[in-house]
Structure formats: C-alpha cells, structure tokens
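Subject: Structure handover and notes

Hello,

The structure we discussed is below, followed by my notes. Please read them with the coordinates open.

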Amino acid sequence: MTDVIDTPITTRMNMIQAINSAMDATMARDPDVIVMGEDVGYFGGVFRATAGLQAKYGKTRVFDTPITECGIIGVAVGMGAYGLRPVPEIQFADYIYPALDQLVSEAARLRYRSAGDFTAPITVRSPYGGGIFGGQTHSQSPEGIFTHVSGIKTVIPSTPYDAKGLLIAAIADNDPVLFLEPKRIYNGPFNGHWDRPAENWSKHPGGEVPTGYYTVPLGEAKVVRAGEAVTMLAYGTMVHVCAQVAADTGVDAEIIDLRTLVPLDIAAIERSVRKTGRCMVVHEATRTGGFGAELAALVQERCFYHLEAPVERVTGFDTPYPHSLEWAYFPGPVRIGQALKKILKD
Amino acid sequence: MGDARNLKPLTLHVPEPRFRPGDAADFSDLEVPPAGAAPRPDTAAPPRDFTDLAYTMVRVLDEQHQAVGPWNPRLSPDTLRRMLRHMATVRAFDERMFRAQRQGKTSFYMKSLGEEAVAVAAAHALDAEDMCFPSYRQQGLLIARGCPLVDMMNQIYSNTGDKLQGKQLPIMYSEKRFGFFSISGNLTTQYPQAVGWAMASASKGDTRIAATWCGEGSTAEGDFHSALTFATVYRAPVIFNVVNNQWAISSFSGFAGAEATTFAARAIGYGIAGLRVDGNDPLAVYAATRWAAERARTNVGPTLIEHFTYRAEGHSTSDDPSQYRSTGEPTSWPLGDPIRRLKDHLVALGEWDEPRQEAMDRAVAEEVRAAQKAAEANGILGHGLAQPLDSLFDGVFEEMPWHLREQRQMMIDEEAASGRPWDRK
C-alpha cells in the first residue's frame with residue numbers, strides 16, 4: 001500500500017493543524033463522523049486540535065462532554081453500534097485509565113464477542129508523552145498497556161504529514177484505534193536537546209502537508225534515515241531524538257519510525273536488522289513490560305542469527321514521570337548515545 | 001489507641017442482610033403501597049415535580065387481581081395473553097436450559113425466575129425498533145421480540161448453529177436483528193453505550209430510543225454514574241432500568257446502598273425522572289416503560305426505573321443460594337409471582353381459565369422441548385468441534401494482521417502434533 005492523496009496542493013502545518021485538518025477532511029466527507037471530548041467544542045480543545053470544527057459542523061457533531069473518560073468511551077461505543085464513527089478525545093493519555101474497561105472489554109472485544117454483529121469503529125485521540133514539564137499526570141506514555149490488548153490498534157505519528165494521513169486512515173478503519181499524539185512535537189520536531197532553542201515544523205519536510213483528504217496506511221513503518229551500522233526502532237518524539245543522535249555521533253544508523261505499533265510492520269524491522277546486524281529500541285515509556293520488550297523479543301526470535309550484539313533498550317525509567325527531574329528521566333541524547341556505543345563496540 | 005479529647009471510638013458499619021441460612025424469612029414489615037395509589041405525572045412534567053415516585057412503588061394489580069389506578073395501561077386481553085405466554089415461555093426455557101447445564105450439555109446458565117415481567121413487559125411497551133442494551137438476565141426481551149428459541153439455545157450450546165461461533169459464554173447473546181445489543185458480562189458497561197446509541201439516534205433525527213438494564217448491585221459501577229451524567233446533560237432518549245432483585249450473587253442490596261435509600265432515588269441527583277415500580281406486576285412494568293418511552297420519544301429526557309423484584313434462584317448455575325441466604329426468602333417474598341399475578345388478572349377479567357392455562361403451559365413446554373431437540377441436533381458444548389479450529393482467530397480485527405495469521409498457524413501445527421481427532425474442515 002502507498003499513501004493515497006487526492007490533491008497535490010500542500011501547505012505548511014504543525015502537528016496540531018494537521019490533526020485538525022484530518023478531522024475536518026473526514027467530517028466533510030462523512031456525516032457519521034463526530035468529535036467529542038472535554039473542552040473540544042466551542043473552545044476547540046486545550047491544545048486547539050479541534051479549533052473551528054464546532055463552528056463548521058455544528059454542536060451535534062462536535063461537542064463538549066462531561067469529565068468522565070469511562071462515559072466518553074462508553075458513549076462512543078454506543079454511537080458506533082448505532083452506525084456513527086466517533087472520534088473521542090481523551091484530553092491527556094494520563095487520564096485514559098477510567099476508560100480502560102470500556103476500551104479493553106468493550107471496544108476492543110465487541111467485534112469478536114458478537115461475531116461481527118456489532119463493531120466499534122471509534123478512534124480515540126489522546127496527547128501523550130513528556131518533555132513539557134507536565135509532571136506525572138500530563139506526561140505518561142501508556143501505549144504498552146494497549147498494545148497488550150487484543151482487538152485494538154495503536155498508532156503514533158511523528159510528523160504533521162503522517163499525523164494527518166494516519167488519523168484519516170484510523171477514522172476510516174472499522175476497528176477501534178488508539179491514536180496517541182506526541183504532544184512534545186505538536187509545534188515542532190524535538191531533537192532531545194532541551195537546552196537548545198525550540199524548532200518549529202516550518203523547515204522539516206514532514207511539515208509539508210496536503211490540504212485535502214489522504215491516508216497513510218496503518219501498519220506500515222517508515223525508514224526515516226537509511227543506514228548500515230545499527231537499526232534504531234522508535235516512534236513519536238523519539239524518532240527525532242534518534243535522528244539527532246545519529247547526526248551528532250556520525251553513526252550510520254538506520255532509523256525506523258514504526259508509526260503503527262499494532263499491527264506492527266514486522267517486515268520492515270526484519271529487513272533492516274538483517275542488514276545492520278544490530279538493533280536498538282527507543283521509547284519514552286517505562287522499561288519493564290514496555291513495548292520495547294516486545295520489539296526486542298520479536299527481533300531475537302526472527303533475526304537472532306543476524307545479530308552481532310544484544311538488542312539494546314533505551315527507555316524511560318520505571319518510576320512515575322517526574323516533574324523537576326524531567327530531563328533526568330527522559331531518554332535523551334546522552335542515554336541513547338551511550339547505548340549506541342555499547343551496541344557498536346564489538 | 002486513645003484520644004486526648006476523650007472521644008468515643010469510631011465504628012465501621014458493615015451491612016448485614018436480615019436473613020441468613022437457617023433463619024426464617026419474614027418480609028411482613030416491607031412497605032408495599034396499595035395498587036393504584038401512586039399518581040401518574042404528565043409525561044412532559046419536570047422530574048423535580050414527582051420525586052416522591054422514587055420512594056414509593058408504582059403498582060397496578062391489586063389484591064383482587066384487578067388493574068387499578070392512573071397507571072393502569074388498559075391493555076387488551078389479547079396483549080395480556082401474549083405477555084402471559086411470553087413469560088411462561090421464558091420460565092420454561094430457563095427450566096430446560098438450567099437442566100441442560102446440570103446434564104453437562106453446556107458450561108453455564110442464568111435463570112430469571114420471578115423476574116420474567118421485568119423484561120417481557122418492557123419488550124411489549126417498547127417499539128420493536130427501539131434498541132435494548134441488556135444485562136444477562138433479560139432473555140425475556142428476546143423471547144417477547146420473537147427471537148427463535150433454537151437460535152438462543154444454539155448460542156447456549158456453542159454448537160454449529162451458534163451465530164456467535166462459540167466465542168461467548170452461554171446466554172451472552174447478540175441479536176442486532178431484534179434490537180438486542182451484545183451482552184458483555186462486565187457489569188454496567190452497557191449503560192453509557194445505551195446513552196451513546198440514544199444520543200446518536202437523537203443527533204440523526206431518528207425516532208428510535210434506547211433502553212438498558214443493570215442489576216441493583218452494579219449501580220455501584222462508575223459506568224452507571226457516567227451514563228446518568230451523560231444522559232441528563234444531553235437529555236438522551238434512553239430508559240435506565242435497575243432490576244433490584246435484592247441479591248448480587250451473595251451480596252444483598254445493602255452493599256449497593258439500599259439501606260440508605262432506593263435505587264430509583266439515584267435519578268434525583270441527576271435531575272432524571274425516577275420511578276420505583278413493583279417489578280413483579282407486569283402491568284406496572286409495562287405502564288412505567290410506556291411512560292418513560294413517551295418522555296424519551298418526545299425529547300423530554302431520560303427515565304430511571306427501579307424494578308423492585310426478587311431473584312428467586314441462584315445468580316447462575318455456579319452458586320448455591322442456600323449457602324448465603326434463607327431458603328425461606330423466595331417463598332415468602334410479598335410481591336408474588338409475576339406469571340401467577342397476570343394469570344389471576346386475566347381470570348378475574350373472565351378472559352382466561354385453568355384449562356386454557358394448562359393448555360398454554362403444555363404448548364409452551366412442547367415448543368421449548370422441540371427447540372431443544374433442534375438445537376441439540378447442532379451439537380452440545382464439548383462434544384466434537386462445533387466451530388472450525390481456525391475460527392478462533394476470526395473477528396479480532398476486520399482483517400487479520402500477520403501476527404494473528406502466524407499464531408493461527410502455530411495453533412494448527414500444535415493440533416496436528418497433538419494427535420487429537422479434531423476435524424478442521
């Protein structure tokens with residue numbers, strides 16, 4: 001599959017604008033798409049991701065909800081059963097836990113348990129990840145909780161272009177999708193050097209976004225930097241941090257942006273690791289039982305005889321996300337650089 | 001432990017049911033208001049005008065088996081006879097399927113003995129197109145809506161006729177064609193889903209409404225309160241039914257808050273209409289549901305109905321109620337048997353008699369027996385492979401991703417290696 005683009009016209013967008021544009025393009029085509037969540041209506045969302053949508057599509061298609069994540073997802077499941085295609089927002093991924101039962105036991109299981117009698121074609125958007133001094137309740141990366149659940153897809157973009165195309169594909173998908181938005185890179189790519197001036201998306205190729213409707217297929221990874229020395233598997237913010245480390249160290253790394261964690265593009269991973277013989281997994285989330293553990297297991301199962309060094313995991317620590325010590329927690333250039341040295345030393 | 005201010009120590013109240021095994025059950029002090037006493041508000045009235053109805057009990061059938069008072073739905077004898085037959089069918093169905101479980105033909109069953117009116121009368125009061133989000137004890141909805149008994153039994157047996165392909169525990173039906181949502185088994189998750197369905201219907205300018213059911217015990221779930229909040233905020237066209245059958249497995253209703261207030265009163269804090277209804281009075285259940293449906297359909301808003309009833313048997317085939325409650329409770333329950341009460345009413349009307357009752361019972365028993373025979377021809381649980389082995393992986397997603405295809409192959413290889421006589425065709 002390739003990206004399907006219905007208009008060649010592009011413009012510069014940051015990730016918020018791209019996500020907004022994805023919902024706009026989808027709502028314009030499909031009257032069954034509705035957007036709801038805390039503060040998403042008149043105000044347009046705390047990150048402005050839904051700005052202007054209520055004015056354009058009306059209050060019955062874009063509306064604020066009570067502060068009950070369980071209710072938001074439960075209501076979305078019911079709307080899906082009716083035939084709508086809801087796009088609920090959970091304001092921060094850290095707040096998703098009250099909705100776990102509705103996501104895990106209901107949305108993810110409905111098609112299976114009813115043998116297709118009912119489905120839950122819902123896309124749950126939620127900003128996740130750290131790097132914004134959000135403390136433990138505005139910084140978490142809970143993707144590993146959901147990748148462990150059968151029946152739900154997990155998607156994480158790393159550029160405005162991918163964010164729009166993946167979100168449109170997620171909304172069009174007939175299965176529930178958790179769409180996690182790396183909020184640290186909403187406004188610009190973040191290279192991990194928190195003490196340097198922030199960048200915006202205006203110079204990044206991923207900030208050039210088609211204005212119309214297009215999809216980036218779910219389940220396809222992207223090689224963002226081709227290389228021979230080591231494969232770096234990353235998603236979201238960490239894609240950019242890895243790219244900076246490769247540039248800083250001069251290591252000829254092949255960086256793969258997974259984009260979709262479930263279903264995973266295993267072929268892209270195998271292809272790369274068989275070529276480089278080394279594999280590093282990088283994520284912000286806590287280490288134990290994280291998605292990196294799954295990636296490491298898959299790589300050793302499938303590429304063991306091509307490996308020249310143990311698979312390295314670079315992750316957040318197994319602590320709650322800290323506030324003042326955020327940059328000590330964050331798997332930044334130093335941690336990644338040390339792991340690179342280790343994996344390349346033999 | 002002491003306190004410098006010399007305060008009395010705190011005590012923790014842990015609720016205790018009035019009767020335990022060995023106790024004689026005595027419900028004589030249960031407040032049962034006379035039939036016909038509760039007023040019937042206009043369906044457009046705001047909930048704050050009739051909060052008393054959350055604390056009394058709407059009852060229609062009186063001690064002389066007459067339908068009395070403003071809630072009398074004035075149903076035709078034909079409708080009453082149909083309701084009677086549907087309730088009798090539910091009871092006969094339950095009896096046979098309970099026995100089938102005891103005979104090892106399936107893993108699990110849940111009866112609704114004594115609660116048949118709650119689902120059957122509601123199904124008669126709703127439109128056929130209205131959407132139901134039931135819990136696990138509303139088989140009466142399906143039977144009253146005409147779902148073939150053999151289809152329900154196929155599901156219970158997980159056999160070759162099971163449209164759910166053996167994927168769900170027995171009685172966790174899904175019947176979209178009869179407006180019956182897939183039953184979860186996780187409690188009260190269907191409540192916000194019903195609200196979402198109702199909101200979707202309203203936002204699309206549809207005329208259909210949603211109804212949902214949960215037990216009194218599971219009103220404690222967060223989903224219940226999320227649902228009521230959403231429903232009141234958007235005035236969703238939904239009917240919330242709380243089936244207060246007094247017991248949640250072995251936990252009496254006190255563990256859901258019944259010592260302090262009624263379950264209908266939960267509605268008041270949300271500004272939702274709340275009714276407490278004699279759940280063993282089919283006419284009261286019908287009238288309350290009809291009234292709530294009228295409110296929903298005219299955009300007045302949601303209604304919560306507490307059906308005060310009694311779970312006359314165990315929670316499921318997996319528990320023995322004599323281990324935690326008085327065996328005298330079911331027989332001394334003061335609100336009677338809903339089937340008996342409707343039958344007596346029809347007899348009092350001169351529209352029914354013993355010979356017809358006996359003929360109906362025989363016909364219903366025969367119908368259920370024939371359905372069972374037909375279902376068992378499709379197989380019973382654990383005897384042979386009713387579903388293709390690789391169907392285990394169907395329906396996780398619309399399209400099967402590589403990791404499931406790989407795992408499916410692993411399973412097939414494993415079965416081949418096991419030497420077990422599975423027939424994969």
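This is a predicted model: local features need pLDDT of at least 70, side-chain atom pairs count only at pLDDT 80 or more; totals for chains, interfaces and linings use all residues.

Domains

Chain B is split into two parts, domain 1 covering 47-383 and domain 2 covering 389-418. Taken over C-alpha atoms, the centres of domain 1 and domain 2 of chain B are 38 Å apart.

Salt bridges

Side chains of opposite charge can pair when their charged atoms come close. Over all chains, the count is 43 salt bridges. A few of them are described here.

In chain A, the side chains of A:Glu208 and A:Arg12 form a salt bridge with an N to O distance of 2.9 Å. A:Glu208 belongs to strand β9 (residues 208-210) and A:Arg12 to strand β2 (residues 10-12), so this pair ties together parts of chain A that are 196 residues apart in sequence. A:Glu208 is partly exposed at 28% relative accessibility, and A:Arg12 is partly exposed at 35%.

Another chain A pair is A:Arg85 with A:Asp30, where the closest N and O atoms are 3.9 Å apart. The cut-off for a salt bridge is 4 Å, so the pair is counted at 3.9 Å. A:Arg85 sits in strand β5 (residues 85-89), while A:Asp30 sits in the loop between α1 (15-29) and β3 (33-37), so the link ties together parts of chain A that are 55 residues apart in sequence. A:Arg85 is buried, with a relative accessible area of 18%; the limit for buried is under 20%. A:Asp30 is partly exposed at 23%.

In chain B, B:Glu175 and B:Arg177 form a salt bridge, with 2.7 Å between the closest N and O atoms. B:Glu175 is buried, with a relative accessible area of 6%, whereas B:Arg177 is partly exposed at 47% relative accessibility. There is also a network in which salt bridges with shared partners join A:Glu270, A:Arg274, A:Arg302 and B:Glu406.

What does the side chain of B:Arg311 reach at 3.5 Å? It is the backbone oxygen of B:Gly314. The side chain of B:Arg311 also has a polar contact of 2.6 Å with the side chain of B:Tyr324. B:Arg311 is located in the loop between β7 (303-308) and α9 (329-332) of chain B and is buried, with a relative accessible area of 1%. Leaving aside residues up to four places away in sequence, the residues that B:Arg311 touches include B:Leu113, B:Glu115, B:Arg137, B:Asn245, B:Trp247 and B:Asp319. B:Tyr324 and B:Arg325 are also among them.

B:Asn280 is in the loop between β6 (273-278) and α8 (282-297) of chain B. B:Asn280 is buried, at 1% relative accessibility. Its side chain reaches the backbone oxygen of B:Gly336 at 2.7 Å. With residues up to four places away in sequence not counted, B:Asn280 touches B:Gly114, B:Phe308, B:Thr309, B:Tyr310, B:Trp333, B:Leu335, B:Gly336, B:Pro338 and B:Arg341.

Surface patch

Which residues form a nonpolar patch on the surface? They are B:Leu12, B:Val14 and B:Phe255, which together have about 350 Å² of accessible area. B:Val14 comes from the segment before α1 (77-102) of chain B and is exposed, with a relative accessible area of 52%.

Backbone geometry

The peptide bond between A:Val262 and A:Pro263 is cis, with omega at about -5°. A:Pro263 is in the loop between β14 (260-262) and α9 (266-276) of chain A.

A:Asp39 is in the loop between β3 and α2 (53-57) and is partly exposed, with a relative accessible area of 35%. B:His65 lies in the segment before α1 of chain B, and is partly exposed, with a relative accessible area of 31%.

Regards

Definitions and conventions
Residues are numbered from 1 along each chain as its sequence is written. Chains are lettered from A and ligands numbered from 1 in the order in which they are written. Side-chain values use heavy atoms; hydrogens and water are left out. Patches are made of residues with over 30% relative accessible area and no salt bridge: like charges are joined within 9 Å, nonpolar side chains (Val, Leu, Ile, Met, Phe, Trp, Tyr) within 5 Å. Accessible areas come from the Shrake-Rupley method with a 1.4 Å probe; for residues, only the protein chains shown count as cover. Helices (H or I, at least four residues) and strands (E, at least two) are DSSP runs, numbered from the N terminus. Buried means under 20% relative accessible area, exposed over 50%, partly exposed in between (1.4 Å probe, protein chains only). A polar contact is a pair of N or O atoms within 3.5 Å; within protein, one must be able to donate a hydrogen and the other to accept it, and residues adjacent in sequence count only if both atoms are side-chain atoms. Contact means heavy atoms within 4.5 Å. Domain bounds come from an automatic or database domain assignment.
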